[in-house]
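Please look over the sequence and the model shown here before reading on. The paragraphs below go through the parts in turn.

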Amino acid sequence: MIRGALAIFNRDFKKFLSNPFVVIMTLMMPIMYLVIFGNAMGGTISHIPVAVVQEGPPYTPTTLFTDMSYELNHITQKDDPKLIDVRSYNDETAAKEDLTKGRVSAVVVVPSDISNDHAVRLYVDSSDSVTPALVESAVMKVLAKLHADNPVIVNKIYGDIKYIQFFGVGVIMMAIFTSTMFGGGIALIRDREAGIHEGYLVTPVQRTSIIAGIISSGTIRAFIAGFAIFFIDILITGIVIYSIEQFLLAMLVILIACVGVTSLVVSFASRFSAQQEYASVVAFLNLVLFMTSGAFYPVIGMPDWLRWVTVINPEYYGVDALRGIILRGQGIDVIGIDLVALLLFSGAMFILGIATYRRTLE
Amino acid sequence: MTSHDSGHEVIRIDHLVKVFKNKHKSVTAVDDVSFSVARGEIFGLLGPNGAGKSTLIRILTTLLSPTSGTAVLDQYDIIKQPEKVRSIIGVCPQNSTLDMELTAYDNLDFYGKLVDVPEDILDKRIWELLEMTGLSDRAYMRAGTFSGGMRRKLEIVRAFIHRPLILFLDEPTIGLDPEARREVWQQIEELNREETTIILTTHYMEEAEKLCNRIAFIDRGRLIALDTLENLKKMVPEGDLITIGLDATDDRILPLIRANPLVSAAEINNSVLTLSAKEGSRVLPALVTLIEQYSLPMNSISIHSPSLEDIFIYLTGSALGADSGDAGGVKGGRRFP
């Protein structure tokens with residue numbers, strides 16, 4: 001019995017050691033969890049862009065306006081990064097416009113001298129789960145420091161958004177990525193493992209056709225997963241879709257995100273010859289890309305080096321566009337840039353997939 | 001055997017070399033091989049396991065690139081125009097490449113589309129091929145449920161779904177029972193009548209003898225001989241092979257046997273007397289008389305004209321059944337079947 005157990009142990013361990021790639025990946029996973037999860041979730045939020053504007057008319061800056069701008073701009077935290085970057089606006093309408101476009105996270109409207117209630121009105125982007133509370137408490141603190149007794153009226157421009165709604169949109173992207181672990185390019189690898197690719201490599205079928213075919217099939221599989229989660233989001237998290245245009249736009253974004261994510265994993269699958277390697281890489285990518293996509297926690301809370309990952313992260317653009325449509329009711333004018341980024345990314349990955357696909361057995 | 005010797009070359013192989021390298025050693029799988037194949041031929045590549053037959057086929061079918069040298073199929077160079085080459089060939093590889101999760105029909109349909117069989121005739125063609133393999137009633141069953149023979153037949157017909165100009169069959173009948181093997185042979189001959197050139201690798205002698213117009217012997221990557229069966233037979237010492245199994249031996253008989261003018265060679269190995277003689281049937285009575293004079297009991301006598309296997313052994317010193325590389329690995333039982 002011992003001998004049998006040893007034989008099984010030996011065989012298994014030899015296989016493990018003969019595949020250094022998987023060994024490294026096994027170690028990398030927890031390390032990445034530590035580094036990325038730790039930083040993405042626990043990072044100090046700093047440099048929140050906030051518009052401060054003087055209510056008018058008259059537009060002459062009051063003392064309160066000047067003092068508040070200064071104080072808000074100089075709130076420091078424990079290890080020193082500034083909490084808020086104040087941008088002064090002359091025009092309330094322009095400030096609010098920038099808030100809806102996502103260029104600033106909040107607008108603080110300081111009352112004019114002739115205001116009736118002397119209320120400081122705060123407009124916050126409630127589709128963001130973290131910053132509104134931070135900005136609100138900062139404003140309160142500053143008012144207290146200035147001994148001003150102005151009441152604060154908080155205006156959530158997208159209404160009350162629960163965390164599950166914020167997170168639910170991110171999960172759509174996760175569903176898309178997860179489906180590529182079993183779909184995506186795995187068929188190519190299974191063919192290689194079984195040796196049946198030798199059969200079709202001798203036919204005139206082109207590399208482009210092989211990659212395009214696999215991406216299309218993977219995209220549809222991922223789309224079904226993404227759509228299912230979208231539907232569940234509507235049913236259980238209470239997000240509301242107001243128009244057919246909004247619905248169709250969300251579908252379009254999900255579809256394009258599927259193309260992007262599938263192209264990414266296929267570009268890996270086109271080279272790998274073992275499912276184990278593929279699975280470990282996809283799981284790893286899933287972790288990195290999902291953590292940095294802003295699905296859990298706003299990207300603004302991440303350290304700078306991690307924020308760079310989001311620039312090339314298709315999930316970030318997917319999550320951003322979907323939040324724009326679903327939570328903020330934004331249109332193609334605002335989220336168009338995300339779609340362009342996703343399409344560029346997909347194109348690059350498609351080309352990479354073709355370039356790395358081996359048309360021979362070597 | 002039919003001859004389609006129209007004189008046109010359909011394959012020209014030019015100093016092809018393939019070296020596989022890894023950290024520890026390099027292996028020359030194909031060693032400076034050159035030959036051509038005529039249009040309409042059934043051409044046999046014979047050699048033991050590991051001789052380099054499959055590597056050669058893989059180079060010709062663009063799956064591997066040669067280390068040096070090249071080959072031209074029809075008018076297309078395998079290195080410069082691999083896409084063109086792929087459009088004129090059909091291949092049945094040695095290992096099964098059927099998709100076990102697809103049905104027989106879907107397997108053929110998939111390949112039909114990849115090799116560009118026109119959509120309007122594809123369905124008819126598939127049923128024709130299924131009919132040919134006797135799998136019509138299993139068309140919608142997964143290939144994974146088929147027996148080894150059924151899979152092999154399906155794979156072979158898949159290779160010529162588009163009626164290719166050149167058909168490569170790498171060990172087409174390996175693992176088939178005699179009945180199924182005969183059916184495959186019939187199919188191959190039928191295809192050949194449709195002017196398809198067929199390149200066949202095998203290590204079954206009778207297969208090559210039955211089907212091939214010309215035969216190339218490959219051993220350790222090298223081309224050892226290439227000719228028609230008749231001409232190959234002339235390469236071994238003339239005459240028939242006689243094998244006599246003895247229970248006891250006597251060294252004195254060997255010189256006496258060799259003295260016979262019709263006997264060209266004779267030796268005794270492990271109590272088996274083997275000799276080649278010009279007219280075996282005329283030598284035999286004298287031989288038997290001689291052995292009886294020395295009261296050596298005989299347990300078997302056979303006489304036959306040399307087979308391909310004998311020729312191969314004569315040329316390489318090892319049997320086809322042996323793996324290439326273990327020199328002199330002659331398996332006693334297989335030497336003179």
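Two strands pair if DSSP finds at least two bridges between them. Strands themselves (E, at least two residues) and helices (H or I, at least four residues) are DSSP runs, numbered from the N terminus. This is a predicted model, in which local features need pLDDT of at least 70 and side-chain atom pairs count only at pLDDT 80 or more, while totals for chains, interfaces and linings use all residues. Residues are numbered from 1 along each chain as its sequence is written, and chains are lettered from A and ligands numbered from 1 in the order in which they are written.

The strands of chain B come first. Strand β1 (residues 9-21) of chain B has two partners described here: it pairs with strand β2 (residues 26-38) of chain B in the antiparallel sense over 9 bridges, and with strand β4 (residues 68-73) of chain B, also antiparallel, over 5 bridges. β1(B) and β2(B) make a hairpin, with 4 residues between them. Across that pairing, B:I11 stands opposite B:V37 in β2(B). Towards the other partner, B:I13 has B:A71 of β4(B) as its bridge partner.

How confident is the predictor in chain B, and in which elements is the mean lowest and highest? The scale is pLDDT, the predictor's confidence in each residue, from 0 to 100. Chain B has a mean pLDDT of 85, with 91% of its residues at 70 or more. The pLDDT is below 50 over residues 1-6 of chain B, a stretch with 9 contacts in the model beyond near neighbours in sequence. Residues 324-337 of chain B are also below 50, and that stretch has 31 such contacts. A contact here is a pair of residues whose C-beta atoms, placed from the backbone, lie within 7 Å. For the model as a whole, the scores are ipTM 0.76 and pTM 0.79.

Chain A has 14 helices and 5 strands. Its C-alpha trace spans about 85 × 50 × 35 Å along the principal axes. Of its 362 residues, 40% are buried. A residue is buried if 20 or more other C-beta atoms lie within 10 Å of its own, exposed if 12 or fewer, and partly exposed in between, with C-beta atoms placed from the backbone.

Helix α13 (residues 314-326) of chain A has 13 residues and reaches 18 Å from its first C-alpha to its last, close to the 18 Å expected at 1.5 Å a residue. The expected span is 1.5 Å times one less than the number of residues. In α13(A), 13 of its 13 residues are buried.

Another helix of chain A, α11 (residues 275-291), holds A:V282. Why does A:V282 count as buried? It does so because 23 other C-beta atoms lie within 10 Å. Leaving aside neighbours within four places in sequence, A:V282 is in contact with A:T180, A:M181 and A:V265. A:D149, 133 residues from A:V282 in sequence, is 55 Å from it in space, C-alpha to C-alpha.

Where the chains meet, 13 residues from chain A and 20 residues from chain B take part in the contact.

Methods: Contact = placed C-beta atoms within 7 Å.
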